[in-house]
Each structure stands twice: as C-alpha cells, then as structure tokens.
Amino acid sequence: MGRLINNVFNIIIVSLFILIICAPPITTLLKSRSYISYSENRELVSMPKFVLSSDTLKDYPSQFEKYYNDQFGFRAPLQGYLGIIKVKLLHKSTVPTVILGKQNWLYYNGDYSFDDFRGLTPYNTQQLELWKNTLENRELWLAGQGIKYLFVVAPNKQSIYPEYVPDNLYKINKKSRFEQLLEYLNNHSSIKLMDLRKPLQEAKNNDLIYYKTDTHWTDKGAFIAYANIINQLSVRFPELSIIDQSSLIVHQAHKDRDLSIMLGLTNQQKERNYFITLKKPCATVLNQDIFPQAPKGSILVKGCNKSKLRAVVFIDSFFPPIEPFLSEHFESVFYVWNRYKHDILEILIDEIHPDIVIEEKVERYLYDVPSPVTPFRTGIELARKGNTDVAIEFFSEALRIYPQFIPALNELGLALAKRGDLKNAIIQFQKVLQISPYNNVALYNLERAQADQQKLYDKWDRVILQLQDKLKMNANDSFLHFKLGEAYQNRGYIDKAIIEYKTAIKLRPDSTDSMNALARAYSQINDNNNALLWFDKMLKTNPDDANVYYNIACIYSKQHDVITSISWLKKSIEKKFNNWALIQTDEDLKDIRFSAEYKRLIRNHYN
Amino acid sequence: MAFSSIIFLFLFFPLTIALYFLIGKKANNIFLLLASLFFYAWGEGFFVILLFISIGINYSAGLMLERTQSHRSSQLTLVAAIALNLILLCYWKYANFILGTVNHLLSLVSTKIIIAEPIHLPIGISFFTFSALSYVVDVYWKKTAAQKSFIDLALYLSFFPKLIAGPIVRYADIADQIKQRSIKFNDLAEGVQRFIIGLGKKVLIANTLASSVDQIFSLPLQELTMPIAWLGIACYTLQIYFDFSGYTDMAIGIGRMFGFSFLENFNYPYISQSIQEFWRRWHISLSTWFRDYLYIPLGGSRQGSMRTNINLLTVFFLVGLWHGASWNFIVWGLYYGIFLVIERLGLSGLLMRLWKPLRHIYVIIIVLIGWVFFRAETLHSAAGYLSAMFGFVRHGIIRNSLSMYLDRELILSLTIAVICSTPIVAFIRDHENIIINKSSGIAAYFLEIFFGFTRTVILISILALSVIYLAGSTYNPFIYFKF
C-alpha cells in the first residue's frame with residue numbers, strides 16, 4: 001500500500017513535469033506569432049532564416065535562441081507572475097530601470113537619473129560652459145530674428161517627490177546636474193531656464209502632481225506647467241492668458257501606468273487619476289506638408305484660427321498632456337518630437353515665421369551635454385571634400401559652443417590658410433598655443449603660415465618699391481596711385497593705402513575703382529561712416545553698380561543690422577550681382593546668414 | 001546550451017526525451033549520440049570536430065591497448081594516448097595562459113613579446129578529456145575491457161547531461177548501462193525529481209545570489225566595506241555550491257531519465273570538519289579522479305611523509321590549474337594543498353580535540369577565503385578583496401549601503417541556501433519513513449498521503465517558480481517604444 005501511494009504521487013509529479021515542459025513548446029507551434037510585447041514596449045524577434053553556409057550557420061543558434069526566448073508559449077503570463085512574486089511578495093524590482101519606492105511609489109532609473117539624483121555625476125565646468133554657450137547661441141540666434149526662445153525643464157519625479165525614494169538611495173552630494181546648471185547660468189549668463197520645481201512643489205500639497213506608478217506628471221501637474229509657460233510668454237505677448245477653469249472638464253479614470261507595465265504588472269495595479277480636458281477645444285490637428293519624409297508621429301501640427309501667433313515646440317513624453325491647452329493659443333504650433341533639431345527649425349522659421357520657439361526637456365535628458373563634436377565632424381568631412389568655405393562655417397559653429405576646442409581651432413586655422421586668409425589663420429593657431437603652449441599641430445602650422453605671410457609681404461614690398469619708383473617719374477598718374485594703394489592694403493598698411501586712394505581720386509574724380517577701393521579700405525578698419533559716404537558717392541555717379549550695393553550690405557551686416565543689410569543685398573541681386581559663392585562665404589555677411597530672408601534668397605536662387 | 005535555459009527546458013529536452021522513447025531500443029544509442037553532438041554544436045559550433053577528434057583518439061587507443069600483447073608497446077600506446085589528450089587540453093585551454101606568462105617574463109628582459117590570436121576555450125574540454133583519460137588508463141590497467149563500438153564510446157564521452165560540467169563519469173561505472181539499460185517508471189520519477197531540485201538550486205538560489213555577487217565583486221575597492229565584502233563572499237560560497245551541485249543534480253536527473261545512474265558528486269561539503277573531509281565531499285568525481293590517476297600512481301602516502309606532502313602539493317597545484325588557466329586557480333589549489341599538508345602534519349589531531357562548532361567555523365573560514373581567489377579576476381583584485389574583508393582598506397565615498405544588496409529576495413535565498421547546504425532535508429525524508437513505519441493502519445496511510453502530497457506540492461512549486469524566473473530572465477522592457 002505504501003508503495004502504491006508513493007507511486008501515485010510520483011505519477012502526479014512526472015505528469016505535471018511533462019505538462020509544464022511540453023506546454024510551452026506545443027503552444028509556440030500552435031499560437032500565431034506575437035509581433036509586439038505590450039509590457040516590454042518593443043518589437044519581438046522573429047524566426048531567423050535558415051541558410052546553409054558556414055558563416056550564417058555559426059550565428060544561427062544564438063539568433064534562434066533570441067527568437068525562441070521572445071516567442072515561447074506562455075511567455076507573457078509567466079513574466080506577469082514573476083512581476084507579482086517579485087514586486088508584491090519580495091518587494092524587489094523586476095528590472096533595474098524601475099525603482100520601488102516607499103508606499104508603492106515607483107521611480108524611473110533610466111538615463112542615470114538616480115546617479116544624478118544622488119549627486120554622483122556632477123557636471124564639470126567645461127560641461128556647464130557647453131550648456132551655457134549652446135543655450136545662449138540659440139537664444140541669440142532666435143532673438144536676432146525676432147523670435148522668443150523658451151527652454152522648459154520638466155523636473156524628474158524624484159525632484160518633486162523625494163520623500164518616497166528608498167532610504168538607501170541617499171544623496172551623496174546635495175546638487176543634481178539640473179541644480180548645478182541653474183546656479184551656473186544664474187552666475188554667468190543672462191539666459192533663464194524655466195524651472196518648474198517651485199510651482200509643482202507648492203501644488204503637491206493639494207493634488208497628485210506626478211503619478212505614483214508612472215514617470216510622468218499627471219494632468220494636474222501638466223496644467224501647472226502649462227500655466228507657467230503662458231505666464232512667462234505673456235510678458236512679451238500680452239494677448240496670451242491662461243484658459244479659464246470654467247472651460248475645462250475634470251474627470252477620473254483608471255489606467256495602467258508606464259512603470260507598472262514595465263515591472264510586468266499590467267492589470268495588477270491600475271491607478272485612478274484626474275484627467276483634464278477642454279469643453280470645447282478650438283485647436284484641431286492640421287496637415288503638414290513641409291516635411292513629407294518625416295516619420296509618422298514625429299511631428300504634430302495643431303492650431304486654432306482665433307489666434308495669430310505661431311510656435312515651434314520641441315517636446316518629449318512630458319508634453320502631450322500640455323499640448324491640448326497650449327495649442328488653443330496659436331494659429332499653428334509645430335510639435336517636434338524627441339529633441340532639438342536645428343535643421344528642422346531653420347526650415348520652419350523660413351516657412352511659418354514662428355513668434356515663439358519652446359524647447360521642453362525632462363530633467364533626466366539634461367544628462368547629455370551638448371557637444372561641439374558634431375559640427376566639428378561635419379566640418380572635417382566638408383574640408384576633406386574640398387569644400388573649405390562651408391567647412392569654416394562648421395568649425396566656427398563648433399567653436400561657438402566650445403571656444404577652447406583645440407582641434408576645431410587648428411582645423412579652422414588650416415581652412416583659413418587654405419583660403420588665403422593667413423592673417424586670421426595665424427590668429428587661430430595663436431589661440432591654440434595660448435591654451436596649450438606645446439601643441440605640435442599649431443606650432444608647425446603657425447610657423448608655416450607665418451612663413452607664407454612673410455613671403456607675401458616680401459612680394460608686396462617689392463611691388464611697393466617698383467610703384468614708388470614709377471611714381472617718381474610720373475607723380476600725377478592716378479592709376480599708379482590706385483595700384484600703390486592696393487599694394488599697401490595687401491601689405492597691411494591701410495592708412496597709407498587710404499592716402500594713395502584719395503590721391504588717385506583727386507587726380508581723377510570719376511575713378512570708380514579708386515572710390516570703391518577707398519570705401520572698402522575704410523570698411524576694413526571699421527570706419528563705416530566714411531565707407532558708406534564713399535559708396536554713396538559712387539551710387540550717385542553709377543546707380544546700377546551691383547558691387548556697391550553688395551558692399552553696403554556687408555557694412556550693415558558687420559554692424560549687426562540684419563534687416564538693412566538684407567535689403568541692400570536684395571538690391572544688389574536685383575542689379576544682377578551674381579557672385580553667389582562670395583555671398584555664401586563672405587565673412588562680412590556672417591551675421592545675416594542666420595536669417596530666414598537670407599535663406600529664402602539663397603533657396604530662390606538655386607531653385 | 002545550459003540546462004537552465006528556455007531553449008533547453010522548453011525545446012531541446014522535451015523533444016529529445018520524446019523522440020528517445022519513440023525511436024525504441026535499437027537506435028537509441030545512436031540517437032543519444034546525435035542529440036549530444038547537436039547539443040554541443042549548438043553552443044560551440046565547429047568545435048564539435050574537436051570533440052570528435054578526442055573520441056577518435058581514445059577509441060583507437062582503447063582498441064590498440066587491448067590488442068597489443070607486449071607490455072612495452074602497450075606502455076607506449078598509453079603514453080601516446082595520454083600525451084595526445086593532454087596536448088588537446090593544453091593547446092585549447094592553457095596556450096593563452098602560457099603565452100601570457102612567457103610574454104610577462106619576456107617583458108622583464110626585452111621589449112619584444114609574442115603576439116598571437118587568443119584561442120577559444122571549447123566548453124567541457126576539461127571534463128571530456130578527463131573522462132577519456134580515465135578510460136584509456138582503465139583499459140591499460142585492465143580494469144575494464146575496451147569498447148569495440150565507436151558509437152558507444154562516442155556516447156560515453158559526449159553524453160550531453162555530463163558533457164559540459166560533469167560529473168566526470170568513469171567508463172567502468174556506466175559501461176554496462178551503455179550496452180543495455182531499461183527505464184523503469186521509478187527511474188523516470190526519481191530523475192524528474194532530481195532534475196527539479198537541481199533546476200531550483202540553479203535558477204532560484206544560485207542565480208539570485210549571483211546577481212548580488214556580481215554587483216559586489218565589481219565594486220571599486222574604496223567602496224567595498226567590510227560587511228559588504230563578507231556578504232559578497234558568503235553569497236558566492238553558496239552560489240558556487242548551488243550552481244555546481246544544482247547542475248550535477250540536473251545531470252544526474254537527466255541521466256536517470258535515460259536509464260543511466262551517475263555517481264554522486266557532492267555530499268554536503270560545507271558541513272565538513274576538516275579540509276580533508278571537505279575534499280572528500282566537494283566535487284567528488286574530480287577529487288577521486290586525481291586520487292586514482294595521479295596521487296596513487298605518484299606513490300600516494302606510502303613513501304614517507306616528505307614525499308606524501310610533495311605529492312599532495314603537486315596534485316592540488318594541478319587541481320587548481322584544472323579549474324582554469326590563471327594564477328588565481330593555481331593559488332587556490334595550492335592553498336588547499338598547504339592546508340591538507342598542515343592537517344597531515346598534526347593540525348587534524350589538534351582539530352579533533354576542538355569543540356565541534358569550532359571545527360566547522362575553521363573549515364568555513366578557510367573555504368570562504370579560498371573562494372575569493374576563485375571568484376576574483378586577478379590575484380591583485382583577490383588581494384584587494386581580502387584586505388577589504390579584514391578591514392585594511394581606506395574608504396572614500398560609500399555609494400551603497402549593505403541594505404542595497406540585502407533585500408528580501410536575497411535574505412530568503414540565503415536562508416534557504418544555508419538550510420539546504422546541510423542534510424536537514426535528507427534527515428526529514430529519512431524520518432518520514434521511520435514515522436510511517438512506526439505508525440499503523442489508517443494513520444500510516446494518512447501520514448503517507450500527507451508526506452507524498454507535501455513532496456509533490458514542494459517539487460511542483462519549485463518547478464513552477466523556476467520556470468517563472470527563467471521566463472523573467474528573457475524580459476527586456478523599454479520605457480518608450482523601441483521601433
């Protein structure tokens with residue numbers, strides 16, 4: 001009898017064992033393939049193709065295993081049970097990216113956000129400087145085109161609700177990266193980030209501002225952010241005012257939130273929350289045909305025809321609950337997903353002339369420091385292809401972000417030397433040597449550039465002597481004086497050049513070449529009034545000289561008067577000025593190249 | 001393909017066992033051989049050829065040893081076979097290490113070093129080479145007859161349950177089973193239960209401990225506080241036992257399901273009262289291998305104290321080296337050799353007079369310290385870890401407190417691990433029978449049913465939990481959708 005009972009239990013054990021190990025493979029065969037895992041938020045691996053060759057055969061087992069690990073039967077429910085066992089019974093997270101806080105609060109730990117929270121990864125001064133330069137450049141560039149720029153930081157959940165963070169994640173340094181950045185900008189820059197921590201912290205006593213089981217803010221939190229954005233913008237645009245409470249509907253709903261889902265707890269701990277919607281929204285989704293190639297969902301356009309304002313907003317996952325309210329205030333808003341994209345913004349500025357550009361980033365994304373490396377690499381690429389002039393633009397861009405970037409200084413120096421601008425090339429190499437006195441590249445190139453410059457000087461010195469000799473015989477030859485002026489100018493003696501040009505004009509008042517050269521010499525030493533005076537005189541005698549219009553555009557650009565400069569440039573083009581290569585590379589015009597009008601001119605020409 | 005992987009548990013294993021029973025007796029050895037070669041090739045690709053070469057060498061050596069009449073030529077054959085086996089092992093397992101050491105020495109005297117592509121270590125080579133050596137030596141000693149069937153010898157060397165992590169099964173122990181075996185339901189039931197226990201040991205205990213061990217061993221030294229260091233090595237001590245013995249349990253269990261009985265490989269090593277005893281209980285198939293094929297042929301303990309001690313040190317030097325090609329393993333082996341010598345020289349007499357718990361503490365401390373050398377990547381980091389354990393490290397900022405590691409899951413698995421590394425469960429099971437036998441009539445049946453039911457629930461829960469944990473290991477979520 002004892003044996004029998006023992007055998008019955010053995011049969012039960014063996015049967016259950018067979019059932020448990022056979023059910024998944026049989027189900028895998030029978031069920032249809034799953035494409036997406038809802039809780040993992042990713043596409044599942046599909047069956048690898050079997051090819052009989054030694055190369056593919058080698059990798060086949062690992063690929064097949066990846067497929068099978070993603071597709072075996074009962075995978076999702078088994079993983080769900082693990083979530084329940086680990087989280088509910090053992091109070092342990094199933095994934096390193098989710099942290100279990102006190103009282104069932106969950107926090108997201110991706111993008112090193114808790115290392116940052118604990119102060120383990122502070123910025124160094126150089127990184128802070130990169131941030132400062134990048135933001136200042138952006139603001140300045142937009143301001144130059146009359147556009148208001150706003151950088152909004154959505155605080156991490158742990159910055160607003162630190163009290164539910166587990167005790168063993170204690171702070172080692174007081175300041176997070178965001179706090180460091182705020183302090184640095186406060187002390188070293190006029191640019192202001194939008195810091196929402198205070199209003200959100202104040203509001204959390206009355207409402208749940210962030211979800212308990214999600215990384216994002218609730219609709220209530222989002223509305224506070226929205227209200228602060230509008231308040232900030234209304235300083236410059238008084239027509240903006242926060243949507244009245246009476247036109248809002250608040251309702252409750254029960255949903256799975258993202259961190260719960262990530263733990264594998266779908267349907268296990270839904271959260272009941274308040275949601276805010278508009279009673280009668282005016283803004284609707286608009287079609288956009290500016291970026292036909294843009295991936296679906298990467299750009300959203302909305303607008304309400306009651307308004308005249310336009311905006312471009314760079315957003316991440318914190319913005320969607322703000323978007324319906326913000327859209328009400330604009331004729332059109334372009335919401336561009338994921339991060340600031342300069343090329344898209346340039347085109348949008350041209351096409352829709354926004355009044356406002358907002359960049360929204362969640363605090364943890366500040367982890368990535370803006371880098372001068374991207375423009376630098378582009379510059380290298382262009383220089384290699386022989387496109388020196390555009391390469392110079394990119395090296396300069398890299399240096400605007402990080403002025404002490406030695407490789408960019410060296411490359412800029414080389415590119416300038418290649419273009420013949422030895423004087424500026426030498427300046428770049430000297431800058432490198434100020435930072436790093438034994439930099440071999442700079443030392444070598446500086447020596448070469450100085451030697452080349454010396455050769456040029458020698459050449460012009462000889463020309464000057466020859467011309468002076470000729471003038472001894474023929475002191476009243478206007479052309480010789482003009483030529484001598486040119487030689488002085490090339491040698492770097494601008495004052496002497498101006499005297500010679502003036503003499504040439506005195507001898508021959510109708511010499512446009514001399515007048516032109518004189519005006520440009522004044523312009524070179526930044527005596528813009530005299531330069532304009534002489535260009536004006538030239539226009540009186542010859543109102544169709546396209547070069548003169550162009551040169552005037554240059555002078556205004558150097559004075560940062562973008563609008564006037566553009567209007568003169570347009571006139572020169574009307575008068576058939578057609579040195580487009582010069583337009584695009586002339587150092588004097590660098591200030592206007594940011595503007596939409598300038599880009600339109602260029603585009604019209606090339607189309 | 002690890003036994004504790006989805007692909008093995010939910011595909012290879014059910015498929016192999018189902019086909020095995022379908023195919024029937026005639027072709028079952030060739031089927032098992034093919035399944036084993038597939039199993040090896042799945043993880044090691046074309047290195048399955050190496051396994052084949054080893055099989056070829058030892059098959060021919062066995063036949064030749066049996067056929068030769070003269071003592072001289074059979075000696076030569078044996079030497080050649082051992083040499084060939086060791087050449088395979090040394091080239092694929094030790095060449096990188098030897099070259100590294102030579103280069104290190106070279107760098108002291110010259111600026112030139114020898115540069116070569118690193119050689120891939122084929123998994124299980126130490127195990128199948130040692131099985132093969134035991135086979136040829138046993139044939140030479142005439143302890144067993146040579147295997148005439150190539151397939152049967154190939155199956156002996158490559159049988160997948162023991163192929164990649166042992167136990168090192170002796171040919172003589174399973175020769176009859178290869179030839180003929182019948183699978184009774186009881187074998188299947190015992191095999192299944194043994195497998196479930198092994199799977200649970202690996203997935204629920206060893207893997208859980210491993211994640212803390214990995215974190216702790218990767219800490220920079222200035223963050224490794226004394227309590228964390230001790231926690232780390234305590235976890236590792238249990239991890240390696242549950243990992244290795246769990247794997248052996250699964251191997252024995254699978255073997256059993258196919259009608260093979262392998263000898264035990266572990267016998268509660270952590271309850272030992274001396275290091276000698278520890279080595280009689282730890283990795284038994286390896287220590288008896290070294291005893292029979294090295295220690296005794298060297299003269300064992302019959303040639304005086306001095307010679308015995310040298311033999312012990314030699315054997316344990318090689319035991320260390322067998323575990324891996326690095327100085328850490330050599331130090332680990334010699335460390336045990338030294339303790340064995342000391343115990344022989346009189347420490348064991350002293351120990352016998354000690355209070356029993358103190359003997360246990362002595363063994364545990366020696367073993368814990370030994371595992372530091374085994375787990376650390378280099379001798380330097382082992383030294384660092386040991387200095388942290390004994391409080392010789394000046395700490396900087398401590399990012400992680402002990403509570404960061406000591407969560408509920410770890411406490412639970414540590415507790416279960418400590419309990420299960422003693423024979424408590426075996427003790428209870430033995431007493432079940434005594435209690436049942438003592439009671440009579442209805443009470444005995446009820447007790448029988450109660451114990452049977454408890455066993456079933458516990459085993460099926462272990463299996464279910466292991467499967468859930470394994471499924472969880474393939475869980476890979478993202479916060480935003482990965483396109």
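Let's start with one residue. Arg310(A) is partly exposed, at a relative accessible area of 25%. Keep in mind that this is a predicted model. Arg310(A) has a salt-bridge partner, Glu331(A), and the closest N and O atoms sit 3.0 Å apart. What does this pair tie together? Arg310(A) belongs to strand 11 of chain A, residues 310–315, while Glu331(A) lies in the loop between helix 11 (323–327) and strand 12 (332–337), so the bridge links parts that are 21 residues apart in sequence. Glu331(A) is partly exposed as well, with a relative accessible area of 32%.

Now zoom out for a second. How many salt bridges does a search of the whole structure find? The answer is 37, over all chains. I'll take a few more of them.

Two sit inside helices of chain A. Take Asp452(A) and Lys455(A). Their closest N and O atoms are 3.9 Å apart. The cut-off for a salt bridge is 4 Å, so this pair counts. Both residues are in helix 17 of chain A, residues 440–473. They are three residues apart, so about one helical turn separates them. Are they buried or exposed? Asp452(A) is partly exposed, with a relative accessible area of 34%. Lys455(A) is exposed, at 57%.

Next, helix 18 of chain A, residues 478–491. Glu486(A) and Lys483(A) both lie there, three residues apart, about one turn of the helix. Their side chains meet in a salt bridge at 3.3 Å, N to O. Glu486(A) is partly exposed, with a relative accessible area of 30%. Lys483(A) is partly exposed too, at 33% relative accessibility.

Chain A also has a salt-bridge network. Its members are Glu40(A), Arg42(A), Asp70(A) and Arg75(A).

Staying in chain A, let's go to a strand. Strand 5 covers residues 148–154. How many of its seven residues are buried? Seven of the seven. In a regular strand, side chains alternate between the two faces of the sheet. Here is how that looks in this one. Lys148(A), Leu150(A), Val152(A) and Ala154(A) point one way. Tyr149(A), Phe151(A) and Val153(A) point the other way. Note that a lysine, Lys148(A), is among the buried residues.

Which strands does strand 5 pair with? One is strand 13 of chain A, residues 356–362, in the parallel sense, over seven bridges. In that pairing, Ala154(A) has Val362(A) as its bridge partner. Another is strand 6 of chain A, residues 194–195, also parallel, joined by two bridges. There, Val152(A) stands opposite Met194(A).

Over to chain B. Helix 8 of chain B runs from residue 171 to 179. Its buried residues are Tyr171(B), Ile174(B), Ala175(B), Gln177(B) and Ile178(B). What covers them? The cover includes helix 2 (28–44), helix 5 (125–140) and helix 6 (150–158) of chain B.

One more residue in chain B, Glu223(B). It sits in the loop between helix 9 and helix 10 (226–257) of chain B. Glu223(B) has 9% relative accessibility, and the limit for buried is under 20%, so Glu223(B) counts as buried. What does Glu223(B) touch, leaving aside neighbours within four places in sequence? The contacts are His395(B), Ile397(B), Ile398(B) and Arg399(B).

Last topic, the interface. Chain B puts in 55 residues and chain A 63. Together the two chains bury about 5,400 Å², and 71% of that is on carbon and sulfur atoms. Three salt bridges cross between chain B and chain A. One of them joins Asp407(B) to Lys92(A), at 3.0 Å, N to O.

Which helices of chain B each supply at least two residues to the side that touches chain A? They are helix 1 (6–23), helix 9 (185–217), helix 17 (402–405), helix 18 (408–420) and helix 20 (441–472). Helix 20 of chain B gives the most, with 16 residues. As for residue types, that side of chain B divides into 38 nonpolar, ten polar and seven charged.

Technical notes
Residues numbered from 1 in each chain as written. Chains lettered and ligands numbered in written order. Predicted model: local features only at pLDDT ≥ 70, side-chain atom pairs only at ≥ 80, totals over all residues. Heavy atoms only, no water. Contact = heavy atoms within 4.5 Å. Buried area = accessible area lost by both parts, 1.4 Å probe. Helix = DSSP H or I, 4+ residues; strand = E, 2+ residues; numbered from the N terminus. Nonpolar A, V, L, I, M, F, W, Y, C, P; charged D, E, K, R; others polar. Buried < 20%, exposed > 50% of the residue type's maximum accessible area, 1.4 Å probe, protein only. Pairing = 2+ DSSP bridges.
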